[in-house]
There are 2 protein chains.
Amino acid sequence: MGDPRGIGPEVVVKALSREDLREVCRPLILGDPVILRRTAEALGLGWKIARVEEESNRRVPDEGLGILPLSSLHPGREPTDVDPQESSRASFRYLEKAGRMALAGQVEAIATGPVSKEAITGTGIPFRGHTEFFAGLAGTKDFVMMLAGERLRVALVTTHVPLNEVSKGLKEEKIVSVIEITGRSLKKYFGFPAPRIAVAAFNPHGGEGGLFGGEESIISRAVDQARGKNLNVSGPWPADSLFHRAVQGEYDAVVCMYHDQGLIPLKLLHFDSAVNVTLGLPFIRTSVDHGVAYDIAGKGIASSRSMEEAIKTAAHMALRKREKSNEYIRIAKHEIRNKHE
Amino acid sequence: MGDPRGIGPEVVVKALSREDLREVCRPLILGDPVILRRTAEALGLGWKIARVEEESNRRVPDEGLGILPLSSLHPGREPTDVDPQESSRASFRYLEKAGRMALAGQVEAIATGPVSKEAITGTGIPFRGHTEFFAGLAGTKDFVMMLAGERLRVALVTTHVPLNEVSKGLKEEKIVSVIEITGRSLKKYFGFPAPRIAVAAFNPHGGEGGLFGGEESIISRAVDQARGKNLNVSGPWPADSLFHRAVQGEYDAVVCMYHDQGLIPLKLLHFDSAVNVTLGLPFIRTSVDHGVAYDIAGKGIASSRSMEEAIKTAAHMALRKREKSNEYIRIAKHEIRNKHE
């Protein structure tokens, strides 16, 4: 549900009121039932909470909309009237529960609403962000932040670091790992049997043979190494013209060296429809692409587009994963049969 | 005309065969008449060179298409059969003449075709690029590279430097100067009476209050200083969402800190229709947005879109400048009249 004081409840309720979304998944909201109900009423959506599930082994109802109540905050007139400390602690509880349920296989995917990093940290809970939190919970070190829109997918080698420090973080092994995880995930979750991955250069004009910087030689070695692992990968390509080529259909994803290199073209094409996907976790996790937006919370004007896309993407990824496992089971059965003949 | 061995002659001939282009300007090609004629014939454009002007005071013919012959190279079967050294020296001669004519007021604007920096340097002529060459010729130090498309205009604070060295090049005075030149030029040449300029941050999320880098405080001071000079300027804004806002019509131009920050969104939106404009020179100068492309020269497949836009933009800028001067003359006359009354 995201932070109860932000636009999370609103975008979740709006998104799940859509028939097309509920056709591709059985959603379970981890959140606050009173706040969700009031939000739905205020929006006049005629949207009814079909069942409220208590702790049990079977969490997701077959029909209707399930809510797993994890807080009972006292809502005020405005979302921001909710006690900030309680609200932040609750938003963290939803995440923790979601992670544990996903690890236990009780849900097939997580789509997260917006929380405030600062607000959670302010309660004394150490929290560096959703992605890092889930990775820690799963004991994973190799994870990748990917932003996906309909026309463009970008995977980031570095994320929230000063641009001036990116260069020293560009290690060959790290780049190879991002390429591998991206390739594997595109295959497993996005339906690309042989994903075509382009890797962006770091310097203008791709460094022009070392004239404008030397990071390209590291990237180049990483691309070679990844190619040796049977990945369809090329680069480093000058970044300025690369995204046009990707959007034209030449590549399925672009591996980017720094945050804005990937986010500038992505947000230009998919301003409110991009989804943040964490690759490399042992479960599927997508997220909205925006923050808590306290300033417009409760006004009914927040766009639920990104939340819808996050849920839809998570559902599609889960379906692909199922198909893949069925495929493996078929192949395995086939092999067993062959052995017995 | 650009480098005779590249796609320059082809894109110039293709562009100037368009009626709509010849309606907005009286073009004079500085180049090689034999190569231009052969190119036109090979393209079967039915395009006739109306007049070949020799050195004279009146360079641009009122009607038809003028060529000022500055070389007589021996063309081979393919453009690349032309002697590389002679070709490069000739391409430099065209530029030099263009610059001198513009400084003398014999032409109102220059639109340059592609030359090869490496090839010119290879002949022993010191040449750091078109822009630097014209700036040197004009004795100008404060010039700005702007890339302009229909939906987005970006001005660059730094250009062809390693990304890792951009940070130390971000001086307050330099940023103020780029903002000022951009504002002044948008007013003078692009018809914006009060240009709205956005300035991009350097770090992801605009540095998040110093958490991800400190360059934003320098940029911020520069924005304040420029605002004090009566410019409608704001920032630093997080770069990832800024270009969407500019394209939506919130800003007339975005001042960018590094090459790819501006070029990534620009080329994504305007892959073959963007124009490179040098601001701050004492004359109007636009350029194609691509290189010599020796690999496809003479094949007849080069897109002349960028050349067309470069010529059209130069012509429009010249018209705006004329209007502005007429306006000043009107105001001056009016003031003189008022004084005498």
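1. Buried area is the accessible area that two parts lose on being put together, summed over both. With that in hand, a few friendly remarks on this predicted model: chain B and chain A bury about 3100 Å² between them, and 67% of that area lies on carbon and sulfur atoms. On the chain B side, D240(B), I264(B) and L268(B) lose the most area to chain A, together 22% of what that side buries.

2. How are the two chains related? Chain B is superposed on chain A by a rotation of 180 degrees with 0.0 Å of shift along the axis, at an RMSD of 0.0 Å. This is the relation of a two-fold axis. Since 100% of the interface residues of chain B are also interface residues in chain A, the copies meet through the same surface.

3. Now for the contacts themselves. The interface brings 33 residues of chain B into contact with 33 residues of chain A. The rule finds 0 salt bridges across it, but 8 residue pairs in polar contact. In chain B, α10 (239-247) and α11 (259-269) each supply at least two residues of the side that touches chain A. The most come from α11(B), with 9 residues. By class, this side of chain B has 16 nonpolar, 11 polar and 6 charged residues.

4. One residue in chain A deserves a look of its own: is D289(A) buried or exposed? With a relative accessible area of 16%, D289(A) is buried, because the cut-off for that is under 20%. D289(A) sits in the loop between β11 (284-287) and α12 (305-340) of chain A. Beyond its neighbours within four places in sequence, D289(A) is in contact with L147(A), K267(A), H270(A), F271(A), A274(A) and S306(A).

Technical notes:
Residues are numbered from 1 along each chain as its sequence is written. Chains are lettered from A and ligands numbered from 1 in the order in which they are written. This is a predicted model: local features need pLDDT of at least 70, side-chain atom pairs count only at pLDDT 80 or more; totals for chains, interfaces and linings use all residues. Side-chain values use heavy atoms; hydrogens and water are left out. Helices (H or I, at least four residues) and strands (E, at least two) are DSSP runs, numbered from the N terminus. Buried means under 20% relative accessible area, exposed over 50%, partly exposed in between (1.4 Å probe, protein chains only). Contact means heavy atoms within 4.5 Å. Copies are superposed by least squares on the C-alpha atoms of residues with pLDDT of at least 70 in both. Buried area is the accessible area (1.4 Å probe) that two parts lose on being put together, summed over both. A salt bridge is a side-chain nitrogen of Lys or Arg within 4 Å of a carboxyl oxygen of Asp or Glu. A polar contact is a pair of N or O atoms within 3.5 Å; within protein, one must be able to donate a hydrogen and the other to accept it, and residues adjacent in sequence count only if both atoms are side-chain atoms. Ala, Val, Leu, Ile, Met, Phe, Trp, Tyr, Cys and Pro count as nonpolar, Asp, Glu, Lys and Arg as charged, and the others, Gly among them, as polar.
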